[in-house]
Amino acid sequence: MALEEQYVPQEIEQEAQAYWFENQSFKALDDDAREKFYCLSMFPYPSGKLHMGHVRNYTIGDVISRYQQMLGKNVLQPMGWDAFGMPAENAAIKHGVPPAKWTYENIDYMRGQLKRLGFGYDWSRELATCHPEYYRWEQWLFTRLFQKGLVYKKTSSVNWCPHDQTVLANEQVIEGRCWRCDTQVERQEIPQWFMKITAYADELLSDLDKLEGWPEQVRTMQRNWIGKSFGVELEFEVNGAPLPVYTTRPDTLMGVTYVAVAPEHPLARKAAENRPELAAFIEECVSAGTSEAVIEAQEKRGMDTGLTAIHPLTGGEVPVYAANFVLMSYGHGAVMAVPAHDQRDYEFAHKYGIPLKQVIAPLDAHATPIDLGKEAFTAKGVLVNSGEFDGLEFDAALEAIAAKLEGMGKGRKTTNFRLRDWGISRQRYWGAPIPIINCPSCGSLPVPDDQLPVRLPEEVVIPPEGGSPLKQMPEFYECSCPQCGGAAQRETDTFDTFMESSWYFARYASRFADGAMTDANAHSWVPVNQYIGGIEHAILHLLYARFFHKLMRDEGLVSGDEPFTNLLTQGMVVAETFYRLDEQGKKAYFGPADVTVERDDKSKVIGATLKADGQPVQVGNIEKMSKSKGNGVDPQEMIDRYGADTVRTFTMFAAPPTQNLEWSDSGLEGAHRFLKRVWNFAQTNAEAIRQVNMEITEGDERPFDWSEVHADQLAVRGQIHEVLAQALHDFDKYQFNTVVAACMKIMNLLPTIPGHEQITEGNHAEANWVRDGLQTEGMGILLRLLGPIAPHISHHLWGELGYGLDILTAPWPVVDESALVKSEIELVVQVNGKVRGKVKVAADASKEACEAAALADENVQRFIEGVTVRKVIVVPGRLVNVVAN
């Protein structure tokens, strides 16, 4: 059958996908004897449509999975949906439909998009976190953790998003704003459920050293977030009661000139009862941003509470200030302030006229004297003005001061963590219900196993004002106490959606376990061999998932200490932006399809005009694709125009996986042209390649004695195998951009293999047969290298050219080392260090032969004519340098 003349990607892609579906090509087998490989990309929120970031992320994962499958491994690559969350509620309010309906429709559409891209997922394991059969096990685990004391409820100062009307974890506050909607965050006192992630702080920190397959940047971010420190916990005294503080600089204790407490600290609240101005200041601070980044950046403000604190060693009095830079949720909500040796304390003291006391001097007695009139001296040094501790350096001072405090019953050495327990309550509807029953007599009790799951009602339309309708649904919250049988109420808060994404990797592995959270397959598949996702999840999802894995391990649900052996954090997809300033000076952005762009000869944008009116627009920065910037590209439109393989090939070729990918229409068109070249070469040479493959298949192969093949043909074969060697190395390192470049190099080499027209001596028919054989070998190598990246065209041509039925089961190409042995090499010839020519010599040529060839070169002779050759230096295999004057 003749290969179609034209490359029509839509047709061949549909055929390939039908083949994979019918043959269950990507179904992972739990009991297969082959080596297992679990490849997982972070699952998407079903927002409605895929964006280019999704396409790139999932293409990387699919290339890795297909590569591992072609290496002969039993690969698990599942897909599902992180389906709970605020966007569904907001969209449902906007359109007047239940969030469930909106979510399930989006899942159906996005599933179709993923299939259209040809991703090799095991769809039999698909899950959605909003399904009761999924979140019931999350609820079940929560009840076990409740019984172990690893979850608890308390009233606390929390991050409150007034737009979304829900609580945010500290990790979800970015520069004082909600990570989801960018609204300024406030602080409120609300009863909340917490998980004791701090109970695992030491292990979470120490186990980072095991994660050698993770980017160091991610590990550093987690180390800093966990924030282990060593110091002293000590007590000042206020009104006869202890005021505990923690410090990592006990060596500066004798320099304390004030104590600062959080605005909502009980001492500040009490002091404000009869001081309206202090009460107003406290309320202003409470409603302000709560993240450390905002607190560090904002103006340091405070107010004297009128209280004084007694110094634990000197017995002297220092004032107590309520200060906006102290967080109630960190430590004890109080800090000792040493303005001479802490820059923040210094700025605050200068603002409010608080004195400074130097107690640390430089270690180097000859150093320039410190100038406290300019800034604080924050380095560690030697103690001065500290009584019995004078002359001690930091370590000795820590030990001596800690011992003194401990002897007085006023302090002790301790270890502290920046990490705080994970607040998991959310005051919204579209989430997994927290499985707790609140009884007025018995308190808070876990829902019994036989009443799980606590199902979230799905046929619910949320009122325009938002909030959780569960609080107005007695049919949901009214129940009986499992202990006393009396009237009780269900918890109406729902889980933070990061709960669902913290264990989904284990459920994929145990997808068919109906009666348990996981089964034995979770122990054999987990940890995930390769995890793929954005670095923005470094201290949210990735930290929570590590914590959850350890919780599940301790319940016997999974094995090992960590969920993900290797982590790849892919770069963003970025694109040019175009805008005009409106009357208010705000930027109004235009999409790339709406502007005409002028570029220089290096493709750099030098101007742009709006198509609608022909007038100029401003060229902005290259930024992450987003709706707000108008620089997004619809993947579906690109797939419809060029085919999935073109989109996949471009996203892999344009940049290494870990770097940002700059979108380029011309780059996409270039990828399409390359695939058309592959198709056209296959179409032109199909008959010859089929003939070679047929004779090989029928066992009637005319073996090639490469030693008898013409040198020009061997030279091209050697180049192909050189490219193959580099491509195999790059595949192993996941450098897919250079793999695509290797495919392009092979494609350039295939038409250059000489036949009888170029080789005049010898048997013409034999020369053509060798050419056809080399083209068949080369095309087979090319298609297998291209297979994980552009799987549809590779699958189609593999079958049509007679290589076999399924390229996925073909042996992975190997380098023929004999092909790399060159009979002839090329040497660069320099005269006095400057390149003047190139000569070819036998690979085993002697030093004398190399010298003679270099000196005989016509161009080299021009530069040595009339001068004396003083020396000839031969660098074997590389160059000849002629020294002459």
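Helices (H or I, at least four residues) and strands (E, at least two) in these legends are DSSP runs, numbered from the N terminus. This is a predicted model, in which local features need pLDDT of at least 70, side-chain atom pairs count only at pLDDT 80 or more, and totals for chains, interfaces and linings use all residues. Residues are numbered from 1 along each chain as its sequence is written, and side-chain values use heavy atoms, with hydrogens and water left out.

**View 1. A92 in helix α3.** Let's start with A92, which is found in helix α3. Its relative accessibility is 0%, so A92 counts as buried (buried means under 20% relative accessible area, exposed over 50%, partly exposed in between, with a 1.4 Å probe and protein chains only). Leaving aside residues up to four places away in sequence, A92 touches V97, P98 and P99; a contact here means heavy atoms within 4.5 Å. I437 is 345 residues from A92 along the chain, and the C-alpha atoms of the two are separated by 28 Å.

**View 2. The whole protein chain, for orientation.** The C-alpha trace spans about 110 × 80 × 65 Å along its principal axes. Of the 885 residues, 54% count as buried. Among contacts with a separation of 6 or more, 71% come from residues 24 or more positions apart.

**View 3. The nonpolar cores.** A nonpolar core is a set of buried Ala, Val, Leu, Ile, Met, Phe, Trp, Tyr and Cys residues joined through side-chain atoms within 4.5 Å. The largest one has 121 residues, and M195 and W422 have the most contacts inside it. Helix α16 (residues 541-554) gives the most to this core, with 8 residues. Look also for a second, separate core of 66 residues, which includes V75, I746, I789 and V815. As background, nonpolar side chains in soluble globular proteins tend to be buried together.

View 4. Helix α21 (residues 736-749) has 14 residues and reaches 20 Å from its first C-alpha to its last, close to the 20 Å expected at 1.5 Å a residue (the expected span is 1.5 Å times one less than the number of residues). Because 10 of its 14 residues are buried, α21 is largely enclosed by the rest of the structure. Among these buried residues are F736, N737, C743 and I746. Y734 lies in the loop between α20 (711-732) and α21, and has a positive phi of about 60° although it is not a glycine. Y734 counts as buried, at 12% relative accessibility.

View 5. A search of the whole structure finds 2 cavities of 30 Å³ or more. On a 1 Å grid over the protein atoms alone, a cavity is a set of points where a 1.4 Å probe fits but cannot get out, and lining residues have an atom within 4 Å of a point. Grid points are joined across faces, edges and corners, and a volume is the space filled by probe spheres set on the points. The largest cavity holds about 100 Å³ of space. It is lined by 13 residues, and those closest to its centre are G85, M86, R180, R426 and T497. Both α3 (86-95) and β25 (494-495) supply at least two residues of this lining.

**View 6. The second largest cavity.** This cavity has a volume of about 30 Å³. Its lining consists of L127, A128, H131, E133, Y134, R507 and R511. At least two lining residues come from each of β4 (127-128) and α5 (132-147).

**View 7. Two cis peptide bonds.** P453 lies in the loop between β22 (443-446) and α13 (474-477). Another cis bond joins V526 and P527, with omega about 15°. Follow the chain to the loop between α15 (520-525) and β26 (528-533) to find P527.

**View 8. N239 in its loop.** N239 lies in the loop between β10 (228-238) and β11 (241-247). Its phi is near 55°, a positive value in a residue other than glycine. N239 counts as exposed, at 68% relative accessibility.

**View 9. Q830 in strand β36.** Strand β36 (residues 824-831) contains Q830. With a relative accessible area of 17%, Q830 is buried. Not counting residues up to four places away in sequence, Q830 touches V835, R836, L879, V880, N881 and V882.

Notes:
On a 1 Å grid over the protein atoms alone, a cavity is a set of points where a 1.4 Å probe fits but cannot get out, and a pocket is an open set with protein on both sides within 12 Å along at least five of seven lines; lining residues have an atom within 4 Å of a point.
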